[in-house]
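Please find below some notes for a colleague opening this entry for the first time.

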2 protein chains.
Amino acid sequence: MAALKVYGLPMSTCTTRVLTCLHEKQVDEFELVPVDLFASEHKQPPFLSKNPFGQIPALQDGDLTLFESRAITQYIAEKYKDKGTDLLRHQGDLKEAAIVKVWMEVESHRYNPAIQPIIYQFFVAPLCGTTPDQSIIDANVEKFGKVLDIYEERLGNTKYLAGDYYTLADLHHLPYTYYLMKTPYATLIESRPKVKAWWEGISSGPAFVKVSEHMKFGEN
Amino acid sequence: MAALKVYGLPMSTCTTRVLTCLHEKQVDEFELVPVDLFASEHKQPPFLSKNPFGQIPALQDGDLTLFESRAITQYIAEKYKDKGTDLLRHQGDLKEAAIVKVWMEVESHRYNPAIQPIIYQFFVAPLCGTTPDQSIIDANVEKFGKVLDIYEERLGNTKYLAGDYYTLADLHHLPYTYYLMKTPYATLIESRPKVKAWWEGISSGPAFVKVSEHMKFGEN
């Protein structure tokens with residue numbers, strides 16, 4: 001029996017955030033338990049007891065149940081701190097760890113709120129039978145561009161967001177950016193040399209390459 | 001000379017998140033350095049070197065500069081882990097700390113995105129000379145109510161969000177909720193007994209009472 005159970009789907013952005021973290025920490029003893037979104041399994045009692053907000057993923061580790069992908073990745077990074085990449089800079093000083101937190105917060109409060117609606121309109125709206133709202137896309141493309149201008153400057157000083165080492169702050173960006181690169185808005189990344197080099201670096205690591213092979217949302 | 005410098009304003013939501021944390025950790029050796037938003041000081045080079053996104057607050061601790069209020073609170077909670085309240089459950093096991101992270105993420109990704117636009121429209125829009133957009137308020141009141149329904153259930157099981165102990169997960173909710181309680185939308189909190197009791201508990205602690213005396217935004 002696998003020690004860890006991840007409830008989610010292999011093409012889901014937030015599930016892949018967790019799966020990439022598991023691979024990065026060289027944790028093999030986990031099982032991915034699929035959740036049938038089309039049958040609304042995530043909105044019914046067995047799943048709601050794992051996450052009352054009814055969204056994937058959730059993590060089960062013995063008697064511990066966690067949700068929110070970024071809380072799960074932090075738990076994995078803490079629990080397996082002696083394996084794989086030091087994603088939270090435990091071995092560094094308190095200051096290094098604090099800078100990782102800063103850029104994790106930037107992803108949550110700046111990057112994600114701008115990129116998420118673009119991905120939603122482009123991939124999810126058509127699946128729900130609605131036409132993508134171009135005005136929402138346009139507004140968020142503008143907002144996202146401004147965020148990326150600051151990333152471009154930051155990545156001129158350090159190789160990764162929190163310093164010259166890869167951390168959870170970078171990892172958290174992978175899923176949405178991966179899908180963005182399949183849209184015409186990939187130019188937002190490609191037109192900024194430092195951001196482009198950062199993206200190519202973080203997306204080509206073996207952990208994410210393995211996970212992204214299954215990220216086929218919107219391809220049919 | 002104060003060891004820590006907080007760049008911000010005493011009525012700003014995100015600044016008060018940091019100040020409350022400092023008081024909760026019984027840290028007295030800090031200085032609040034005001035930032036003149038009306039003169040756009042936060043959008044000019046000296047401040048931008050502290051936070052490239054041009055928003056308050058920022059923290060200076062010797063040669064370390066941090067921004068994003070929730071990253072700053074985590075740093076303070078880590079640095080002063082032996083003082084005041086154990087806001088991250090360091091003394092607990094890894095599982096307790098993980099549950100704190102879950103509810104910190106819930107605040108960031110569920111609670112804040114719904115309450116923030118209500119506060120913005122109600123308090124900030126008039127200050128910018130625009131009429132509050134009632135349709136934005138209405139949509140977010142509905143969204144926020146659904147989030148609070150889940151809080152109501154959660155707080156039926158545990159006294160605070162992460163368990164029977166007060167943590168950063170609760171603290172992070174204080175500033176926006178405090179301003180919400182000054183609006184007609186306070187009924188969203190008051191109509192839910194468990195949420196109401198939780199709010200009354202967390203907002204009446206000495207750390208926040210001290211900070212909230214200066215939260216007079218929108219009062220003239």
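1. In this predicted model, 31 residues of chain A are in contact with 31 residues of chain B. The two chains bury about 3,100 Å² between them, and carbon and sulfur atoms account for 68% of that area. On the chain A side, the residues that lose the most area to chain B are F53(A), E68(A) and R110(A), which together make up 20% of what that side buries.

2. Which elements of chain A give two or more residues to the side that touches chain B? They are β4 (64-67), α3, α4 (94-127) and α5 (134-157) of chain A. Of these, α4(A) gives the most, with 12 residues. By class, the side of chain A that touches chain B divides into 16 nonpolar, 5 polar and 10 charged residues.

3. Charged pairs also occur between the chains: the interface of chain A and chain B has 4 salt bridges. D63(A) forms a salt bridge with K95(B), where the closest N and O atoms are 2.7 Å apart.

4. The domain assignment gives domain 1 (4-79) and domain 2 (94-209) of chain A. Their centres, taken over C-alpha atoms, are separated by 22 Å. Contact between them involves 12 residues of domain 1 and 15 residues of domain 2 of chain A.

5. How much area is buried between domain 1 and domain 2 of chain A? The figure is about 1,200 Å², with 66% of it from carbon and sulfur atoms. T13(A), R17(A) and R70(A) supply 43% of the area that domain 1 of chain A buries against domain 2, more than any other three residues.

6. Between the two domains of chain A there are 2 salt bridges. R17(A) forms a salt bridge with E107(A), and the closest N and O atoms of that pair are 3.9 Å apart.

7. On the side of domain 1 of chain A that touches domain 2, the elements giving two or more residues are α1 (13-24) and α3 (69-79) of chain A. The largest share, 7 residues, comes from α1(A). By class, this side of domain 1 of chain A has 3 nonpolar, 6 polar and 3 charged residues.

Technical notes:
Residues numbered from 1 in each chain as written. Chains lettered and ligands numbered in written order. Predicted model: local features only at pLDDT ≥ 70, side-chain atom pairs only at ≥ 80, totals over all residues. Heavy atoms only, no water. Domains from an automatic or database assignment. Contact = heavy atoms within 4.5 Å. Buried area = accessible area lost by both parts, 1.4 Å probe. Salt bridge = Lys/Arg side-chain N within 4 Å of Asp/Glu carboxyl O. Helix = DSSP H or I, 4+ residues; strand = E, 2+ residues; numbered from the N terminus. Nonpolar A, V, L, I, M, F, W, Y, C, P; charged D, E, K, R; others polar.
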